[in-house]
Amino acid sequence: MISIQNIFKGFSDKPVIEGVSTQFHTGKCNLIIGASGSGKTVLMKCLVGLIEPDQGSILYDGEDFTQMGTDARKEMRSKIGMLFQGSALFDSMNVEQNVMFPLDMFSKMTRGEKQKRVDEVLDRVNLNGAHKKHPAEISGGMKKRVGIARAIVLNPQYLFCDEPNSGLDPQTSMVIDKLIREITTEFNITTVVNTHDMNSVMEIGDQIIYMYQGKKEWEGTKQEIIFSKNEKLNNFIFASEFLKDAKDMRMLEARGKIDNDRDMESLLK
Amino acid sequence: MNIFTRFGEFLLMLKGMFTKPENWRMYWKELMHQCVELGIGSLGIVSIVSVFIGAVSTLQTAYQFVSPIIPRSVIAQIVRDTVILEFAPTITCVVLAGVVGSKISSELGNMRVSEQIDALEIMGINTKAYLIFPKIAAALITIPMLVVLAMTLGIWGGRFVGEVTGILPHEVFDRGLVDAFLPYNVQFALTKAYTFAFIITAIPAYFGYNVKGGALEIGRASTAAVVTSCIMILLADYILAAILL
């Protein structure tokens, strides 16, 4: 479990994150959602140590990441995997070399053991025939899957995904979401996903944090989001008329009120 | 950002390179990769530039030597000393500042912008040590070798042109080459080569590593890296000449 307490971060005296506290649970997909500029990427970068928070603590299973020395941080980072928005694959390496890189750097496995592990994770993300392809030769969805394979190859305890669906079509997004969910439950890891994709919210959002102008505005589950009365959250999640109608229908359905065609027609107008 | 802040950042970058490697074998592999990239990759351009510099030196020196009382072998001495003292180390490194400097800067800049450096950091790798140190070390190994090659090819170019144009028969050129030869000049040239090797890798690495933005900023960083490297080479050239000659 990751617990963050009272995180503050600003750039040039402009606050970007103001007093965010929450918990990310093990074996669940924890989502950070919010509009562009709401501070969710900065929060995630604080979580993984790419940005130092000005104030507050980040506890990884009780150990304060912000107070760790260089060696302890290196040790902790070996337990962290991250999928980047643009996949961040190494251009000069092929798929297999990209996934093998963390093993080459940190494991004492033999060449054969490393190859076996790489084959396993590439098989896990359904990329069997792409070992020798370079990042420039594969699609966006495949790049994300290679990114996931690289992130999980060292069996991390914590997985961070920064906008895993950006630039992907809805169908491929679903595949990536499904993969993230399966890996989270299969390996019982703490997954934190930064997204503004509403399909992801409804598909994999076990625990959701909504960020608004640097503050935690709302927290709950995907079931609770439907019935939330938080206006800012509703304006963000159900931004389109279609989604607003869908939410109204879902609420009515839940209350057992869709009992005739008139109600349905009025909702669909 | 003022020049002192940049210089402070530059020093911190250099300090950050010196940590215990996460995996010696991987660092060694990267060092060898960079030796091939910087050293072997620059062989062609260094060879071409050196031969032509030597050739032009012979032609221009002969053109200016009109007095019949000065022996023709002096032309070879002048070509030898100018190539060893100035052309081989300085011109070669100015050319390499463009070739190698822009490559390093754009490579690191692209890695920064596409979050590849962040990905390495997340893995727990000291990116300054893994990405920058092997480049500087590889330059310190290969660039003095390239400078020695440039000296040899420069002198050979001068000798070849002297022979084919009839300005200076090769027997005379060879006699001039060994007359009043000071081995210290080679030592001085190598001192310059090591200094310039550091400049043309460390400065572009700093600009590339600290890129913020996108493709436009990568281009700007490359230009700034090459311009700054060239200026620093000329400045260092003057300082070393003033101190060591």
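Biologist: Which six strands of chain A form an open sheet, and in what order?

Modeller: The order is S6-S7-S8-S3-S9-S10 in chain A, with mixed pairing. Strands are DSSP runs of E with at least two residues, helices are runs of H or I with at least four residues, and both are numbered from the N terminus. Two strands pair if DSSP finds at least two bridges between them. Before going further: this is a predicted model, where local features need pLDDT of at least 70, side-chain atom pairs count only at pLDDT 80 or more, and totals for chains, interfaces and linings use all residues. Residues are numbered from 1 along each chain as its sequence is written, while chains are lettered from A and ligands numbered from 1 in the order in which they are written.

Biologist: Which are the edge strands there?

Modeller: Strand S6 (80-83) and strand S10 (215-220) of chain A, each of which pairs on one side only. On average, neighbouring strands of this sheet are turned by 20 degrees against each other, direction ignored. Axes here are lines fitted to C-alpha atoms, for helices over the stretch in contact, and angles run from 0 to 180 degrees between N-to-C directions.

Biologist: And what packs on the sheet, touching S6 and S7?

Modeller: H5(A) does, and its direction makes about 175 degrees with that of S6(A).

Biologist: How many bridges join S3(A) to S9(A)?

Modeller: Five, with S3(A) and strand S9 (residues 207-212) of chain A running parallel. In that pair, Asn30(A) stands opposite Gln207(A).

Biologist: Now the four-strand sheet. What is its order?

Modeller: S2-S1-S4-S5 in chain A, open, with antiparallel pairing. Its edge strands are S2 (14-24) and S5 (63-64) of chain A. S1(A) and S2(A) pair over seven bridges, and Ile7(A) stands opposite Val20(A) in S2(A). At the other end of the order, S4 (residues 55-60) of chain A pairs with S5(A) over two bridges, with Leu59(A) opposite Asp64(A).

Biologist: Which residue in the hairpin of S1(A) and S2(A) takes a positive phi?

Modeller: Ser12(A), near 50 degrees; the hairpin has two residues between the strands.

Biologist: Which helix lies across S1, S2 and S4 of chain A?

Modeller: Helix H1 (residues 40-48) of chain A, running at about 120 degrees to S1(A).

Biologist: Change of topic: H6(A). How many residues does it have?

Modeller: H6 (residues 170-187) of chain A has 18 residues and reaches 26 Å from its first C-alpha to its last. That is close to the 26 Å expected at 1.5 Å a residue, where the expected span is 1.5 Å times one less than the number of residues.

Biologist: Which residues in H6(A) are buried?

Modeller: Ser173(A), Ile176(A), Asp177(A), Leu179(A), Ile180(A), Ile183(A) and Thr184(A). They cover an arc of only 160 degrees around the axis, which puts them on the same side of H6(A); the arc is that of the directions from the helix axis to the C-beta atoms. Buried means 20 or more other C-beta atoms within 10 Å of the residue's own, exposed means 12 or fewer, and partly exposed is in between, with C-beta atoms placed from the backbone.

Biologist: What do those buried residues pack against?

Modeller: Strands S3 (29-34), S7 (158-162) and S8 (190-195), plus helices H5 (140-152) and H7 (198-204), of chain A. The face turned away from the buried side carries the exposed residues Pro170(A), Gln171(A), Lys178(A) and Glu186(A). Just after H6(A), Asn188(A) takes a positive phi of about 50 degrees.

Biologist: How many residues of chain B are in contact with chain A?

Modeller: 13 residues of chain B, in contact with 15 of chain A; a contact means that the C-beta atoms, placed from the backbone, lie within 7 Å. Helix H5 (residues 116-122) of chain B gives the largest share of chain B's side, five residues.

Biologist: Last one: where is Lys212(B) found?

Modeller: In the loop between helix H8 (183-209) and helix H9 (215-244) of chain B. Lys212(B) counts as exposed because it has 9 C-beta neighbours inside 10 Å. The C-alpha atoms of Lys212(B) and Arg112(B) are separated by 7.7 Å, with the two residues 100 apart along the chain.

Definitions and conventions: Contact = placed C-beta atoms within 7 Å.
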